[in-house]
Amino acid sequence: MTPEERRAFGARVAELRNQCGLTQRDLAAEIGRTTSWLSQVERGVQPVNRLDVLRLLADGLGVSLQDLRPDVPPSADVVDETAPRPNDLDEARLLISGHPALDVLLSPDAPGADEPLAVLRTEVDEAWSLAHGDRLSELSGSLGSLIPRLERATRTADSRRRSEVYALQSRAYQALSAAFVQQNEADAAWVAADRSIAAAERSGRVLDVFAGTFRLAHAFVRLKRYDQADCVAQSAVVALRRHTDHAEASPDYLSLLGSLHLVLALVHARSGNRAGARRETDHARRVARQLGEDRNDFNLEFGPTNVEIQAVSVAVDLGDAGEALEIGERLDASGLSIERQARLALDLGRAHAQLRRVDEALESFTKAERLAPEMVHSHVAARSAIRDLMLVAGRTAPPELRALAQRADAMS
């Protein structure tokens with residue numbers, strides 16, 4: 001916005017507010033902003049370029065986006081970021097619908113019960129490689145065969161094999177939950193995480209239960225059920241600390257504990273609790289220092305590097321773009337998975353977008369897209385940031401940005 005455009009927009013906000021009979025205090029309270037912020041908007045001091053903030057204002061004033069700002073495309077009024085979008089996991093979503101092994105209940109003696117554990121173990125490992133590599137279409141196809149076989153095996157295996165099969169089943173469902181979270185299919189992620197926890201408990205491997213709990217907390221974050229995410233993660237942290245000698249903790253225990261602290265940091269950041277987010281990030285840093293290296297216990301990729309990647313994400317969620325860039329631009333994530341590298345690039349793009357640095361944001365988003373295209377195309381915050389960049393750039397938006405917005409369905 002130019003200074004003239006900001007003043008005209010501010011005058012329009014003030015006009016609509018007066019027509020509604022609202023004071024600045026009334027409207028600010030309605031949209032969750034301060035009276036000072038609204039005053040600056042109406043005086044043309046504070047620009048409003050983000051589409052989500054424009055929607056807040058329009059809703060608070062009881063008008064459409066076009067009534068508030070005529071240059072916004074009409075389709076922007078009906079964008080629903082929570083609506084299901086076709087993606088590479090549609091087949092997997094059908095897979096977890098209903099009972100997972102009805103045929104076994106009717107025919108428990110059918111062939112296939114004695115499949116070698118080594119084969120199942122290899123396929124579960126491959127599923128995690130696909131999940132970490134943003135190869136979600138292949139993952140969906142792979143699990144479409146693997147999970148029914150695991151479900152059969154848990155019901156037909158002899159007692160010597162059953163614990164191991166349940167452990168493999170838990171890991172497979174965790175991979176599916178992680179992938180669903182990545183593609184914003186949070187309700188399906190909840191189902192998969194819950195099944196992973198049940199299988200882990202039957203396996204007798206207690207820490208696998210906590211790994212499934214980590215996945216469940218992330219599903220709640222994606223559902224914006226922050227109270228549930230906090231309850232799940234905090235309960236797990238308390239239990240781990242109460243029943244284990246922290247000074248002599250094993251690496252896998254530390255990986256779980258640190259990862260759960262990172263979930264809590266994310267929950268606090270999304271809830272606007274700055275102090276809580278920083279406190280939990282510092283807890284995770286201390287655990288990472290005790291661990292001393294980047295590891296991949298339970299496919300968590302926890303370690304010093306991943307803690308800082310998450311610190312970037314937390315800073316962006318809190319609106320601290322400068323801090324996010326200061327941390328993120330000195331990180332070397334090349335030793336982590338494609339998914340983690342892409343997440344760092346995506347969050348750096350979001351940070352640049354907050355600072356209205358169109359070229360730098362475009363470069364970061366393009367890098368993230370090269371690494372993990374579906375992550376960028378399905379990530380709600382990334383698509384919103386790209387949409388904001390289009391709004392900021394207006395008619396001067398570079399062709400590369402327009403093309404990215406089209407691929408991410410972020411033109412409106």
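Predicted model: local features only at pLDDT ≥ 70, side-chain atom pairs only at ≥ 80, totals over all residues.
Entry 1. I looked up the extent of α16 and noted residues 304-317. The helix has 14 residues, and the distance from its first C-alpha to its last is 20 Å. This is close to the 20 Å expected at 1.5 Å a residue.

**Entry 2. Covering of α16.** Is α16 mostly covered or mostly uncovered? I found it mostly covered, with 12 of its 14 residues buried. Among the buried residues I listed T305, N306, V307 and E308 at one end of the list, and V314, A315 and V316 at the other. I then asked which helices the buried residues of α16 pack against. They pack against α14, α15 (274-291), α17 (321-328) and α18 (338-354).

Entry 3. Is E308 buried or exposed? Its relative accessible area is 16%, and the cut-off for buried is under 20%, so E308 counts as buried. Leaving aside residues up to four places away in sequence, I found that E308 touches R285, I327 and L331.

**Entry 4. α16 against α14.** I reminded myself that two packed helices are described by the angle between their axes and the distance between the axes. Helix α14 (residues 251-270) packs with α16 at an angle of about 10°, and the axes are 9 Å apart. Angles under 35 degrees count as roughly parallel, and α14 is therefore roughly parallel to α16. On the α14 side, the contact is made by L262, A265, L266, A269 and R270. On the α16 side, V307, Q310, V314 and D317 take part. Sorted by class, this contact of α14 with α16 has six nonpolar, one polar and two charged residues.

**Entry 5. α16 against α17.** I next looked up the packing of α16 with α17, and found an angle of about 165° with the axes 8 Å apart. Angles over 145 degrees count as roughly antiparallel, so α16 is roughly antiparallel to α17. The crossing of these two helices is left-handed. From α16, the residues in contact are E308, A311, V312, A315 and V316. From α17, they are E323, A324, I327 and G328. By class, I noted six nonpolar, one polar and two charged residues in the contact of α16 with α17.

**Entry 6. The neighbour α18.** I turned to α18, one of the helices that the buried residues of α16 pack against. It has 17 residues and reaches 24 Å from its first C-alpha to its last, close to the 24 Å expected at 1.5 Å a residue. Because 15 of its 17 residues are buried, α18 is largely enclosed by the rest of the structure. Just after α18, R356 takes a positive phi of about 65°.

**Entry 7. Another pair, α9 and α10.** How are helix α9 (residues 136-156) and helix α10 (residues 159-182) arranged? Their axes come within 10 Å and cross at roughly 150°, and the two helices are therefore roughly antiparallel to each other. I noted the crossing as left-handed. Residues of α9 in the contact include L139, L143 and I147, and those of α10 include V165, L168 and A172. By class, the contact of α9 with α10 has 14 nonpolar, three polar and two charged residues.

Notes. Residues numbered from 1 in each chain as written. Heavy atoms only, no water. Axes fitted to C-alpha atoms, helices over the stretch in contact; angles between N-to-C directions. Helix = DSSP H or I, 4+ residues; strand = E, 2+ residues; numbered from the N terminus. Parallel < 35°, antiparallel > 145°, perpendicular 65-115°, else oblique. Contact = heavy atoms within 4.5 Å. Nonpolar A, V, L, I, M, F, W, Y, C, P; charged D, E, K, R; others polar. Expected span 1.5 Å × (residues − 1). Buried < 20%, exposed > 50% of the residue type's maximum accessible area, 1.4 Å probe, protein only. Left-handed = near helix turned anticlockwise from the far one by under 90°.
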